[in-house]
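Open the model in your viewer and keep the sequence panel beside it. The tour below goes from one selection to the next and says what is found at each stop.

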Amino acid sequence: MADHVQSLAQLEILCKQLYETTDTATRLQAEKALVEFTNSPDCLSRCQLLLERGSSSYSQLLAATCLTKLVSRTNNPLPLEQRTDIRNYVLNYLATRPKLANFVTQALIQLFARITKLGWFDCQKDEYVFRNVIADVTRFLQDSVEHCVIGVMILSQLTNEINQADTTHPLTKHRKIASSFRDTSLFDIFTLSCNLLKQASGKSLNLNDESQHGLLMQLLKLAHNCLNFDFIGTSTDEASDDLCTVQIPTSWRSAFLDSSTLQLFFDLYHSIPPSLSPLVLSCLVQIASVRRSLFNNAERAKFLSHLVDGVKRILENPQGLSDPNNYHEFCRLLARLKSNYQLGELVKVENYPEVIRLVANFTVTSLQHWEFAPNSVHYLLSLWQRLAASVPYVKATEPHMLETYTPEVTKAYITSRLESIHIILRDGLEDPLDDTGLVQQQLDQLSTIGRCEYEKTCALLVQLFDQSAQTYQELLQSANASAIDIAVQEGRLTWLVYIIGAVIGGRVSFASTDEQDSMDGELVCRVLQLMNLTDSRLSQAGNEKLELAMLSFFEQFRKIYIGDQVQKSSKLYRRLSEVLGLNDETMVLSVFIGKIITNLKFWGRCEPITSKTLQLLNDLSIGSVRKLVKLTAVQFMLNNHTSEHFSFLGINNQSNLSDMRCRTTFYTALGRLLMVDLGEDEDQFEQFMLPLTAAFETVAQMFNSNTFNEQDAKRTLVGLVRDLRGIAFAFNAKTSFMMLFDWIYPTYMPILQRVVELWYHDPACTTPILKLMAELVHNRSQRLQFDVSSPNGILLFRETSKMITTYGNRILTLGEVPKDQVYGLKLKGISICFSMLKAALSGNYVNFGVFRLYGDDALDNALQTFIKLLLSIPHSDLLDYPKLSQSYYSLLEVLTQDHMNFIASLEPHVIMYILSSISEGLTALDTMVCTGCCSSLDHIVTYLFKQLSRSTKKRTTPLSQESDRFLHIMQQHPDMIQQMLSTVLNIIIFEDCRNQWSMSRPLLGLILLNEKYFADLRNSIVNAQPPEKQQAMHLCFENLMEGIERNLLTKNRDR
C-alpha cells in the first residue's frame, strides 16, 4: 500500500509539471513518464486511487483523461462490468463533489459521455445498460443549482459526443448509435431543456449570481446542441454554413407547431443579458432553418408569420444588437429567412412591408458602419442576393417592394466603401482591399444585388466614377497636390473598378436587355479610359491595388463579352466603337494583349500582378487563340520573349527560386499560341527556342568551366526548366512535341542529369527538373508516338530511369530529416519520381520486354530504386500526404497490372510492406487511393489464383522461381489476404461505399483463394445481425455465390 501512496505522490508531481511548468524539457519528460503510466497494465486501479485520494485537480484530470482513453480503445476493449462500474462511479463522484474544478468536471462528464456512446447497444439481461441517461440525470436536476448545472452539462456533452464521428471507430457504427439516440432519447432531452428554460424564464432569475447565470448558459447550450444534431448523417463539414436545413424528425412536429417554443426563445432574448443572448439567437437560427417538409402550407405560413414577428420585434428594439456576437447571430438569422422560405411566402406575411423596410434600414446602417463587425456583412448581403435573384420568379400578387429597397442597399455598399478610404488612410487602419478573398466574396454577392434595378446602379456608378476620375486627373496635373489626396482618389477608383467588374460579371444572358448592354458599354469605356491614363504614368508611378482591380475587371469582361458564344451585335460593342473606336472583338482583344504586355513590362517585380496577368493571358489562349495569333502584339511576344522586354524572365531580380512559377504559365500560353500556325515548320520552332537555347548554352559553359557563381547557375537553370515545362505542357500534338524532344535530347539532357547529381539536396532546383521530366514522359493526347525505326522510346525511358536512380540513391543519403521538413526536402521529390515512373510505364511507347532480352538494366534499376525509396517511407506518411499517396497507389496499380513478375520476385518483407499498404489504403478517405488499392489487389489476387491453378495441374513446364516463391510467401501468411477479404466485405455490406464497383472487383478472387475463411466470415457476419435479419442476410450471401464457377473469367466475375 505504501508503494501505491508513494507512486501517487510521484504521479501528482508529474501532473503538476505537465500542466504548470514553463520549462519545455521538464514538460516533455513528465509527458513521457505519464504516457508510460497510461500504457501500464494497472492503470485502471491507479486512476481510481488518484480520483479517491489525489489532492490536486491536475491528478483528477489525468485520471479522467486516462480512463477516457481506456474505454475508447478498439483493440482489447474493457469488459462490460468494468465499464458499468466506471460509469456508476463517475456519476456518484460528480454527485458527491459538485464543486470540483471546472476542467475536472468537464473531463469526467466527457468520460461518462464516451462510455455511454460506445456502449449504447450493450445489453445485460435484455436491458440496454447505458441508455437510462435521463433517469440518472433527473437525480441531479432535483438537487441544488450546482447539481443542476452538472446534470444539464451531462446531457449537453452526451448529445455533442454522439453527434461527432471519431476516426477510431467505423462511420457506420457512429451513424447507428446516432440514429438510435435520435429516435429514443433526443426529443425527450430537447423537451426537458425547453421546459427548464420556461421555468427559468418564469422565475425572476438573479443573473448576477454566478451559478444561476451558469445554469441558464448550460441550458441554452443544451438546447442548441439538440437543434444542431446531425439528424440524417449529412453534415460532414461544419464550415458550410449557407446550405443549412435542419432535418428535424417528423415526431418533433408538435414542438414546432406550437408557437410557444418559438415565442420562448424570442422572449428569452429580450429578458437576458448580452453575455447569454447570442446563444438564444443561435438556437433561433436553427429553428428558423427547420426543413420545409415538416409543415403543410398553412402551418408553414403560420410558423413564418411568428418568426417574422419575432424578427420585427428585435429590429424595433435594437439595443441588444450593439453587442458584436448578438449582431453576428442576428445577421445569420436574417439570412436564414430567405434561404429557407420563398419570396412568394414572405410577401404574404401580414407585416411584410414594415419588416422589409426595417431590414433594409438595418442593412443600410450596417453597411455604413463598415468598421463594425465586417464578417457579419456576408450574411446581410447573402439575404439581399437571394431576394434579388428571386424577383423574376415571384408569382404572388402582393408587392415585394424590392425595386424600392435593393437600390438603397447597393448604394449603401458602394458609397460606404468609397467613404472608408479616407478614414483608413488617415488613421492607418487595415485596408479591406488587402483581403482579396473577402472582397471577391462580397463582389459576387453584389453582382446579383446590383443587377436588380440596373439603371439606378449604373447611373450611380457613372456619377461616382466621373467625379473621382475628374478629381484624380486634376490632382495629377496640379503641381502641389498632396500624396494623400491622390491616394484617396486612387482608392475610390480601385473600389469602383472592382464593383464595375462585378456588376458586368453579374449579367445573365437570358435576362439582359439591349439597354443594359449599352449601360455596360458606358462602364467599360470609363474603365478603359482610366487604364489609358494610369498606363501612361507607369514609368513614373503606379498603384498596385488599382492594377489588381483592373485585372479583376478584365477577367469578368472576358467571361461575359469575349468568346464564341457572345452576340457580336451586342450594344456594348457599339458603345465602345463610338467612344474609343474599338469596332469589334479583335480590337478589344488587342487592348487586352496591350495591357498584358504593359503589365509584364512595368510590374515584372510584383508577383501578384504578374501571376494574375499571366492567368488572364492563359485563359485567353484557351478560348480565343485563333484571333489572338493574328494580332501584331502577340507576334511580338512570340518573337521577343526575353528578359529585356519582360523583366520577370530576368534572373537577377528574383528574390527566391520559387517565385519563378509564373514562368510556366507564361510559356504554356505562348506554346498554345505558337502551335496554331506551327505545323511542321522547324525553322519557326528553332527561332522561337533561341532564347532558351542561349540559356542552356550559358549553363553548359558554366559547368564546363567549373568556376561559376552557384546562385546564378541555379537561377538560370530553374527559370529555363520552368519555361520548358510550360512549352511541353502546351505541345500536345505529335509533330510539335517531337520537335521539342529532338531539341532537348540528346543535347541538353546530360546537363539536367548533372544538376540532379550536384544539387539533389536543394528541392528548389530538383523539383522543377523532376516535374519537367515527368511532363516529358507523359503521353498526353498520344503525342509520344515514335516511328517504327526509332529507338527514341527506349532512349527516353533510359534517361527517366537514370534520373530516378540518380535522385533516389542520393536523396536516401540525407539521413534523418525533421518531421516538419520531410515533405519539402524528401517526400515531394519521391512523389514526383513515382508519378514519372508511372507515366513512363503506362505510356505505351516502350516495349519493356526488350530490356531483359538485351541485358539492359534500365528497367531493373528504376524498379529497384522505387523499392528502396518506398521502404524509406513509413506507412503513415504514405497516407498522410495526399499527393504522395495518389502517386504511389497509381504507380502500384500499373506495376501489379504489367510487372507482376517483378513484384513476385521481391523479398518477403517488401511484399508484406506492399500488401499492408494496400490493406490500409482500402479504408482511405480519398476515393482515388481506395480505387487504386482495389485494382492492385485484384491484379495480385488474379496472379496468385492463376499460379495456384497452374501448380495443381500436372504440367511439363514447372512454375518460374519467382511465382513459386511468391506462392510460398502467401501460404505462410494467409492472414494478410484474409484480413483484406474481411475489410472489403465489411465496406461493401456496412459502409456507405462510394465506389462499389471497384470494391467488388477483387472480391471473387479473394473468396476463391480463401473458401474456408469466407465460410467462417459469412457465418460470423450473419450471426452478428439481429435475429429478425439473419435469414435475409443468409439469403444475400446465397445469391452472391449462386452460379459462380471456380475461375476468374470476366463472364464469371460479372455475375
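Which helix gives the largest share of the lining of the largest cavity? Select H17: 4 residues of that lining come from this helix. Helices here (H or I, at least four residues) are DSSP runs, as strands are (E, at least two), numbered from the N terminus.

**Before going further**

This is a predicted model, in which local features need pLDDT of at least 70 and side-chain atom pairs count only at pLDDT 80 or more, while totals for chains, interfaces and linings use all residues. Residues are numbered from 1 along each chain as its sequence is written, and side-chain values use heavy atoms, with hydrogens and water left out.

Colour the chain by pLDDT, the predictor's confidence in each residue, from 0 to 100. The chain average is 86, and 95% of the residues score at least 70. Confidence is lowest in helix H1 (residues 2-20), with a mean of 65, and highest in helix H39 (residues 858-871), at 95. Where pLDDT is low, the predicted coordinates should not be read in detail.

**Stop 1: the largest cavity**

Select Val308, Leu334, Leu337, Lys338, Leu346, Val349, Tyr352, Val355, Ile356, Val359, Leu383 and Leu387, which line the largest cavity. A cavity is a set of points on a 1 Å grid over the protein atoms alone where a 1.4 Å probe fits but cannot get out, and lining residues have an atom within 4 Å of a point. The space in the largest cavity is about 140 Å³, where a volume is the space filled by probe spheres set on the points, and grid points are joined across faces, edges and corners. Helix H15 (324-340), H17 and helix H18 (377-390) are the elements that give two or more residues to this lining.

By class, the lining has 11 nonpolar residues, no polar ones and 1 charged. In this scheme Ala, Val, Leu, Ile, Met, Phe, Trp, Tyr, Cys and Pro are nonpolar, Asp, Glu, Lys and Arg are charged, and the others, Gly among them, are polar. The whole structure has 5 cavities of 30 Å³ or more.

**Stop 2: along helix H17**

Stay on helix H17 (residues 352-368) and show Glu354 and Arg357, which lie 3 residues apart, about one turn of the helix. Glu354 and Arg357 form a salt bridge, with the closest N and O atoms 2.8 Å apart. A salt bridge is a side-chain nitrogen of Lys or Arg within 4 Å of a carboxyl oxygen of Asp or Glu. Glu354 is partly exposed at 29% relative accessibility, and Arg357 is partly exposed at 32%. Buried means under 20% relative accessible area, exposed over 50%, and partly exposed in between (1.4 Å probe, protein chains only).

Leu358 is also in helix H17; this residue is buried, at 13%. For a sense of scale, draw a distance from Leu358 to Gly843: the C-alpha atoms are 65 Å apart, and the residues are 485 apart in sequence.

**Stop 3: other salt bridges**

How many salt bridges does a search of the whole structure find? The search finds 37. One of them joins the side chains of Glu299 and Arg253, at 3.0 Å from N to O. Glu299 is in helix H14 (residues 297-316) and Arg253 in helix H11 (residues 253-257), so the pair ties together parts 46 residues apart in sequence.

Next select Arg798 and Asp856, a salt bridge whose closest N and O atoms are 2.8 Å apart. Arg798 lies in helix H36 (residues 792-811) and Asp856 in the loop between helix H38 (849-853) and H39, so this pair ties together parts 58 residues apart in sequence. Arg798 is partly exposed at 41%, whereas Asp856 is buried at 17%.

Then show Asp466, Glu522, Arg526, Arg575 and Glu578, which are linked in a network of salt bridges.

**Stop 4: the second largest pocket**

A pocket is an open set of grid points with protein on both sides within 12 Å along at least five of seven lines. The second largest pocket has a volume of about 730 Å³. Of its 24 lining residues, select Arg725, Ala774, Glu775, His778 and Ser835, which lie nearest its centre. H37 gives the largest share of the lining, 7 residues. The lining divides into 6 nonpolar, 11 polar and 7 charged residues.

**Stop 5: cysteines**

Finish at Cys934, which is buried at 0% relative accessible area. Its sulfur is 4.9 Å from the closest cysteine sulfur, in Cys930, too far for a bond. With a disulfide taken as a pair of cysteine sulfur atoms within 2.5 Å, the count comes to 0.
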